[in-house]
Amino acid sequence: MGVSNSYFKHDGDAQSLEIVGIVPTTRWELTNSEVGGHIYVPFAQGFQSNVFFMVRTAPRVPGADTAMFDLIRREVRSTAPGLPVISVRSFHQHIDSNVELWMIRAAAAMLLIFGGLALTLAAVGVYGVKAYAVARRTREIGIRMALGAKPGEVVRMILREGLIMTLSGVALGFLLALGIGRLFSSMLYQVSPVDPVVFTLAPCVLLAASLLACWLPARRAASIEPMQALRAE
């Protein structure tokens with residue numbers, strides 16, 4: 001069992017402890033960025049009214065938890081008949097019942113949903129802007145093609161302009177993500193606020209969505225007939 005260092009700081013009560021091992025730092029609170037020191041002592045030296053024991057079992061088939069729980073209860077009753085067993089549950093059930101973890105998971109799910117909506121709106125916005133720009137430049141594109149510009153050159157021109165706009169937005173979003181990551185760093189566990197995988201994957205997804213949104217108007221512009229474009233108002 002574990003207790004904090006203050007457990008042994010009693011006035012006039014000096015105790016000597018024999019250190020038998022050192023364990024890695026353990027984080028008890030999910031939302032606490034600072035980890036305090038703890039000392040693990042035998043149950044007889046640190047008695048508490050409510051105690052939790054963890055039992056490691058061999059891998060078993062799904063659905064065998066009930067039989068395992070009954071076995072644990074029988075073993076506890078045979079060892080200590082007067083000891084009440086309040087609750088027996090698996091580690092996954094224990095984790096799922098944690099309110100702090102549920103709040104973090106709910107917040108992560110909401111951020112994922114809002115992030116997906118933001119990505120969709122960004123792609124639709126880029127498509128709308130480029131489609132409007134291509135429609136406004138119909139005569140220009142027709143003149144370019146009448147003077148010998150190939151459809152591939154028109155597509156590359158539209159994509160290049162869209163890529164420049166997207167890179168500007170990605171650079172600004174990258175700086176904002178650095179600041180927001182530092183702000184929420186206390187809620188992260190074993191994850192860096194500047195995780196290289198996330199900061200590499202997210203811009204790539206945004207660039208891919210933007211290029212797709214720009215490619216559709218660019219393909220339509222490349223299919224314009226020069227004479228029809230010159231007659232367009």
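User: How do helix 3 and helix 6 lie, roughly parallel to each other or roughly perpendicular?

Analyst: Bearing in mind that this is a predicted model, helix 3 and helix 6 pack at an angle of about 25°, with their axes 9 Å apart. Angles under 35 degrees count as roughly parallel, and helix 3 and helix 6 are therefore roughly parallel to each other.

User: And what is the hand of the crossing where helix 3 passes helix 6?

Analyst: Helix 3 passes helix 6 in a right-handed crossing. On the helix 3 side the contact is made by Leu119, Ala123, Val126, Tyr127, Lys130, Ala131 and Val134, while the residues that helix 6 brings to it include Val205, Leu206, Ala209, Ala213 and Ala221.

User: What about helix 3 against helix 5, at what angle do their axes cross?

Analyst: The axes of helix 3, which covers residues 99-136, and helix 5 cross at roughly 140° and come within 11 Å, and that makes helix 3 oblique to helix 5. The crossing in which helix 3 passes helix 5 is right-handed.

User: Which residues make that contact between helix 3 and helix 5?

Analyst: Helix 3 contributes Val126, Lys130 and Val134, and helix 5 contributes Ile158, Glu161, Gly162 and Met165. Val126, Lys130 and Val134 are also among the residues through which helix 3 makes its contact with helix 6.

User: Which residues are in the largest nonpolar core?

Analyst: The largest nonpolar core has 11 residues, and Val134 is one of them, together with Ile141, Met145, Val154, Val155, Met157, Ile158, Ala218, Ala221, Ala222 and Ile224. Two or more of its residues come from each of helix 4, helix 5 and helix 6, and helix 5 gives the most, with 4 residues.

User: Staying with helix 5, is valine 170 buried or exposed?

Analyst: Valine 170, which is in helix 5, has a relative accessible area of 16% and is therefore buried. Not counting residues up to four places away in sequence, valine 170 touches Pro203, Leu206 and Leu207. Valine 170 and cysteine 204 lie 9.5 Å apart in space, C-alpha to C-alpha, although they are 34 residues apart in sequence.

User: How accessible is each ring residue, phenylalanine 174 and phenylalanine 199?

Analyst: Phenylalanine 174 is partly exposed, with a relative accessible area of 35%, whereas phenylalanine 199 is buried at 17%.

User: Changing topic, where is the place of serine 90?

Analyst: Serine 90 is in the loop between helix 1, residues 65-79, and helix 2, residues 91-96. Serine 90 is buried, with a relative accessible area of 13%, and once its neighbours within four places in sequence are left aside, serine 90 is in contact with Asp65 and Phe69.

User: Last one, how many helices and strands does the chain have?

Analyst: The chain has 7 helices and 2 strands, and from the N terminus on its elements run β-β-α-α-α-α-α-α-α. Of the 233 residues of the chain, 16% count as buried. Among contacts between residues at least 6 apart in sequence, 72% join residues at least 24 apart.

Key:
Residues are numbered from 1 along each chain as its sequence is written. This is a predicted model: local features need pLDDT of at least 70, side-chain atom pairs count only at pLDDT 80 or more; totals for chains, interfaces and linings use all residues. Side-chain values use heavy atoms; hydrogens and water are left out. Buried means under 20% relative accessible area, exposed over 50%, partly exposed in between (1.4 Å probe, protein chains only). A nonpolar core is a set of buried Ala, Val, Leu, Ile, Met, Phe, Trp, Tyr and Cys residues joined through side-chain atoms within 4.5 Å. Axes are lines fitted to C-alpha atoms, for helices over the stretch in contact, and angles run from 0 to 180 degrees between N-to-C directions. Angles under 35 degrees count as roughly parallel, over 145 as roughly antiparallel, 65 to 115 as roughly perpendicular and the rest as oblique. A crossing is left-handed if the near helix is turned anticlockwise from the far one by less than a right angle, and right-handed if clockwise. Contact means heavy atoms within 4.5 Å.
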